[in-house]
There are 2 protein chains.
Amino acid sequence: MCSEFDIIHRYFKRTATGAVLGIGDDAALITSTTGIELAISTDTLVCGKHFFPDADPYKLGHKSLAVNLSDMAAMGAKPRWALLTLTIPNDLVNQNTAWISKFSDGFFALADSYQIELIGGDTTAGPLNIGIQIIGEIAAGKALRRSGAKLGDDIWISGQIGDAALALQHELRNFTLKSTEIEQCLPALLTPTARVKLGQHLIGLTHSAIDISDGLMADLGHILTASEKAAYINIIDIPCSPVLKKYQQQSVAMNCLLAGGDDYELCFTAPKINRPKIETLAAELAIQLTRIGEIYSGEGLIVKDEQGNTMTFDTQGYDHFRN
Amino acid sequence: MCSEFDIIHRYFKRTATGAVLGIGDDAALITSTTGIELAISTDTLVCGKHFFPDADPYKLGHKSLAVNLSDMAAMGAKPRWALLTLTIPNDLVNQNTAWISKFSDGFFALADSYQIELIGGDTTAGPLNIGIQIIGEIAAGKALRRSGAKLGDDIWISGQIGDAALALQHELRNFTLKSTEIEQCLPALLTPTARVKLGQHLIGLTHSAIDISDGLMADLGHILTASEKAAYINIIDIPCSPVLKKYQQQSVAMNCLLAGGDDYELCFTAPKINRPKIETLAAELAIQLTRIGEIYSGEGLIVKDEQGNTMTFDTQGYDHFRN
């Protein structure tokens with residue numbers, strides 16, 4: 001049988017070279033350079049809420065870190081260190097250790113690709129609950145914030161959105177995709193890519209930024225609230241996959257596009273004068289960056305349909321305490 | 001009904017004055033002064049494992065933070081910032097908000113007493129799981145580590161240990177205390193005090209330190225392993241309450257003393273030459289500090305009984321994955 005200390009030593013303990021002190025003491029120790037701010041964030045994945053009980057542990061290890069990396073991306077920070085608070089049922093530990101082994105493989109594969117060090121955490125028995133804390137560095141005063149959107153700003157989003165939510169609706173049997181279609185949408189749900197490099201390159205180009213984790217309307221809404229501004233977006237401009245496009249006229253798919261969470265693309269606002277630089281950046285990083293609307297004064301978010309008419313909704317972004 | 005954002009705004013959002021940016025963006029931002037290291041740690045409390053489902057939420061808010069403060073104490077760090085990852089069942093949110101309100105009251109009462117700021121977190125629906133991350137500051141190179149115990153060091157512990165475990169055994173009906181006795185022991189279990197000030201004052205006086213969260217034998221064992229040393233301790237010298245003393249000859253109580261977790265006292269080793277300074281510190285802080293044994297070369301931990309004979313055990317500290 002595997003003890004708490006065994007689990008940490010076998011699967012999670014590594015020598016930290018970028019920290020003063022890593023796993024194994026009462027706390028980890030890090031230092032930051034003068035002129036650097038530390039960006040700190042945490043996101044938790046709960047079994048039955050964020051993933052199915054039979055989820056592939058390797059992909060879960062990836063996603064748990066990816067959703068946290070996305071917060072660093074949204075701040076423009078370079079992720080450096082992580083902590084892992086893993087609550088895990090005894091049966092996953094006792095039956096075999098394959099689950100933890102695969103989970104840690106998925107976690108470290110992604111962590112290594114960004115040279116992120118796991119410097120601490122806590123391992124406990126209980127209902128499966130995966131908490132990760134991420135710490136990144138950013139030049140003082142340079143962080144991309146939600147507040148700061150200005151009148152006349154373009155609203156941009158990276159990549160394509162809606163596939164993660166569409167795949168989830170399929171898995172929940174609320175919507176049926178063909179097998180080739182679900183194959184195309186599932187990676188967005190199970191192994192999302194955080195826009196870490198993009199975030200860092202957006203420093204100096206944007207007035208505000210957020211990652212789309214709760215859905216476009218909710219997350220753009222957070223920018224508007226924090227910036228005390230209004231906005232309109234054009235439904236026709238929102239970039240989505242051919243699969244989602246095909247079903248866009250059906251309310252489930254439209255909902256996925258506008259209010260589906262779990263995309264982890266970036267939504268940001270920037271002055272029009274920066275369009276050329278942002279387009280150059282898109283080409284350099286080979287990331288699709290699309291203008292979807294504009295910041296106005298006032299408050300509220302208007303979505304315009306293909307004819308330019310205002311659409312009405314009763315949907316908002318995902319909320320963990322709404323049913 | 002209360003949304004995720006309502007919960008954060010109503011109960012947890014405060015203006016952070018000691019951080020560059022607090023709750024409300026994708027990450028919090030902090031800076032540290034030149035010459036300062038940041039100590040970072042996380043501890044999770046799981047319902048049914050660390051507390052009973054009907055636990056008083058105010059006391060739970062206190063304890064969740066206290067166990068994390070204890071890690072700062074064990075490093076000698078000054079706690080500055082915290083993050084809270086709260087997974088909470090819908091019924092606790094929906095039936096009424098009294099639970100969250102009381103939990104946050106207990107959390108902030110303790111946080112305020114140390115001027116600690118809550119700068120971030122995550123709130124999700126699911127089986128009750130309380131994760132706190134704590135960040136503290138310490139002068140570079142000065143942290144109290146587990147490694148570093150030296151031959152001939154005195155082994156010290158603060159306060160009295162065993163009451164928390166004894167109260168738990170009573171609550172689990174493995175042991176029966178009188179009502180006046182359980183009243184005396186329960187505070188150690190439900191509202192422990194982290195030795196934050198003591199930890200900071202021990203800088204420069206000790207060779208190694210740890211907090212007693214898993215039990216004296218396990219935690220002193222961590223010091224010995226990290227320091228590659230052996231030790232003996234005298235059972236008669238281990239400070240305990242009159243209640244525990246009364247039952248000490250019974251194996252349950254003896255077990256609580258030696259292997260009971262949840263005490264959050266500090267165990268540290270220091271050269272004999274520092275005895276007068278440590279005794280002065282005890283008087284100044286009005287904290288009982290007791291020498292219980294000595295560091296030897298080799299490996300292993302020997303407990304001596306009242307006659308100086310070696311005791312034998314099959315018990316170790318608490319492990320979350322042992323039944």
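**Exercise 1.** In this predicted model, work out which residue of chain A forms a salt bridge with B:Arg146, and how far apart the closest N and O atoms are.

*Solution.* Start at B:Arg146 and look across to chain A: the partner is A:Asp26, with the closest N and O atoms 3.1 Å apart. Now check the cut-off: a salt bridge needs a Lys or Arg side-chain nitrogen within 4 Å of an Asp or Glu carboxyl oxygen, so the pair passes. Then widen the search to the whole interface of chain B and chain A, where the rule finds four salt bridges.

**Exercise 2.** Describe the interface from the chain B side: how many residues are in contact, and which strand gives the most?

*Solution.* Count contacts to begin with: 66 residues of chain B touch 65 residues of chain A. Next, take the area, about 5,200 Å² buried between the two chains, 58% of it on carbon and sulfur atoms. Polar contacts come next, and 14 residue pairs turn up across the interface. On the chain B side, strand E2 (residues 36–46) gives the most, with 10 residues. Sort that side by class and you get 31 nonpolar, 21 polar and 14 charged residues.

**Exercise 3.** Find out how strand E2 of chain A runs relative to strand E1 of chain B: parallel or antiparallel?

*Solution.* Line up E2 (residues 36–46) of chain A with E1 (residues 28–30) of chain B: three bridges join them, and they run antiparallel.

**Exercise 4.** Trace the open six-stranded sheet of chain A and name its edge strands.

*Solution.* Read off the order, E7-E9-E6-E10-E8-E11, with mixed pairing. The edges are E7 (208–211) and E11 (300–304), each pairing on one side only.

Methods: Residues are numbered from 1 along each chain as its sequence is written. Chains are lettered from A and ligands numbered from 1 in the order in which they are written. This is a predicted model: local features need pLDDT of at least 70, side-chain atom pairs count only at pLDDT 80 or more; totals for chains, interfaces and linings use all residues. Side-chain values use heavy atoms; hydrogens and water are left out. Contact means heavy atoms within 4.5 Å. Buried area is the accessible area (1.4 Å probe) that two parts lose on being put together, summed over both. A polar contact is a pair of N or O atoms within 3.5 Å; within protein, one must be able to donate a hydrogen and the other to accept it, and residues adjacent in sequence count only if both atoms are side-chain atoms. Helices (H or I, at least four residues) and strands (E, at least two) are DSSP runs, numbered from the N terminus. Ala, Val, Leu, Ile, Met, Phe, Trp, Tyr, Cys and Pro count as nonpolar, Asp, Glu, Lys and Arg as charged, and the others, Gly among them, as polar. Two strands pair if DSSP finds at least two bridges between them.
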